[in-house]
Amino acid sequence: MTSVFSAEGKNIPCTVIEVGPCVVTQIKSLEKDGYEALQLGFVDAKEKHTSKPLQGHFQKAGVAPKRHLAEFKGFDCSQYNLGDVIDVNFFEGTVFVDVIGTSKGKGFQGPIKRHGQSRGPETHGSRYHRRPGSMGPTSTPGRVFPGKKLPGHMGNVTATVQNLTVVKVDTEKNVILVKGSVPGPKGTIVKVKG
């Protein structure tokens, strides 16, 4: 993350996202696949690190092997051909974007950190400080309801941040600056939808 100054002089926190160049590796059609989408490849990979089925997939598209593949719906697929390059110019004039990524994994956490619950009393003999609270009624219905907020694995899930403002599109460095933060640690792969 970084920050830039707006025209009014306000300091805006921004995330710098490298956009492409992404290559069209497959065009999904309504007749053959049942839906329309573009499959894009990002970051060149060595051929020895690519499986044989994927090597054939890339040869059919006429592109070099790629390390990451992702599908995007909502394109007018008739305007694109195999091997076309989509770069940062795609976001020229775009005001808002959605960013999809995998959030940081935080391991096994208790209900205070995981769900923002309040803590119990700290003194006067209370031995109930950071536990999850009442487990539910006694004899009726005599069970814990589904959805009870309990300790467990936190993070490392797909998260979407919607309607992030595009602050700047830098075509020379092939990056866009979006206002606010995006899911995941530094250097992670995210999907940006305009």
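1. Point of departure and basis. Asn81 lies in the loop between β5 (66–72) and β6 (85–86); helices (H or I, at least four residues) and strands (E, at least two) are DSSP runs, numbered from the N terminus. Leaving aside neighbours within four places in sequence, Asn81 is in contact with Val24 and Ile27, where contact means heavy atoms within 4.5 Å. Asn81 and Ile189 are 108 residues apart in sequence, and their C-alpha atoms are 24 Å apart in space. The model is predicted: local features need pLDDT of at least 70 and side-chain atom pairs count only at pLDDT 80 or more, whereas totals for chains, interfaces and linings use all residues. Residues are numbered from 1 along each chain as its sequence is written, and side-chain values use heavy atoms, with hydrogens and water left out.

2. Four bridges join β1 and β2 in the antiparallel sense, and Phe5 has Asn11 in β2 as its bridge partner. The hairpin of these two strands has five residues between them, and Gly9 takes a positive phi near 95 degrees there. Strand β2 (residues 11–18) also pairs with β11, in the antiparallel sense and over five bridges; Glu18 stands opposite Val175 in β11.

3. The loop residue Asn174. Asn174 is placed in the loop between β10 and β11. Is this residue buried or exposed? With a relative accessible area of 15%, Asn174 is buried; buried means under 20% relative accessible area, exposed over 50%, and partly exposed in between (1.4 Å probe, protein chains only). A polar atom of the Asn174 side chain lies 2.9 Å from the backbone oxygen of Val19. Not counting residues up to four places away in sequence, Asn174 touches Ile17, Glu18, Val19, Gly20, Pro21, Asp87 and Val88.

4. The nonpolar cores. The largest nonpolar core has 13 residues, and those with the most contacts inside it are Ile17, Phe91, Val97, Val99, Ile176, Val178 and Val192. Such a core is a set of buried Ala, Val, Leu, Ile, Met, Phe, Trp, Tyr and Cys residues joined through side-chain atoms within 4.5 Å. At least two residues of this core come from each of β7 (96–102), β10 (158–170) and β11 (175–179), with β10 giving the largest share, three residues. Val97 touches, among others beyond four places in sequence, Phe91, Val161, Leu164, Val166, Val178 and Val192. A second, separate core of 11 residues includes Val24, Leu38, Ala70 and Tyr80.

5. The four-stranded sheet. Another open sheet consists of four strands in the order β5-β4-β3-β6, with antiparallel pairing. Here β5 and β6 are the edge strands, each pairing on one side only. Strand β3 (residues 22–28) and strand β4 (residues 37–44) run antiparallel and are joined by five bridges; Val23 has Gly41 in β4 as its bridge partner. Helix α2 (residues 52–61) lies across β3, β4 and β5, and runs at about 95 degrees to β3.

6. The loop residue Lys73. Lys73 is found in the loop between β5 and β6 and is exposed, with a relative accessible area of 59%. Leaving aside neighbours within four places in sequence, Lys73 is in contact with Tyr35, Glu36 and Ala37. Lys73 and Thr158 are 85 residues apart in sequence and 18 Å apart in space, C-alpha to C-alpha.

7. Cysteines. How many disulfides does the model contain? The count comes to zero, a disulfide being a pair of cysteine sulfur atoms within 2.5 Å. For Cys22, the closest cysteine sulfur is that of Cys77, 15 Å away, which is too far for a bond. Cys22 counts as buried at 16% relative accessibility, and Cys14 counts as buried at 0%.

Key. Pairing = 2+ DSSP bridges. Polar contact = N/O pair within 3.5 Å; in protein donor to acceptor, adjacent residues only side chain to side chain. Axes fitted to C-alpha atoms, helices over the stretch in contact; angles between N-to-C directions.
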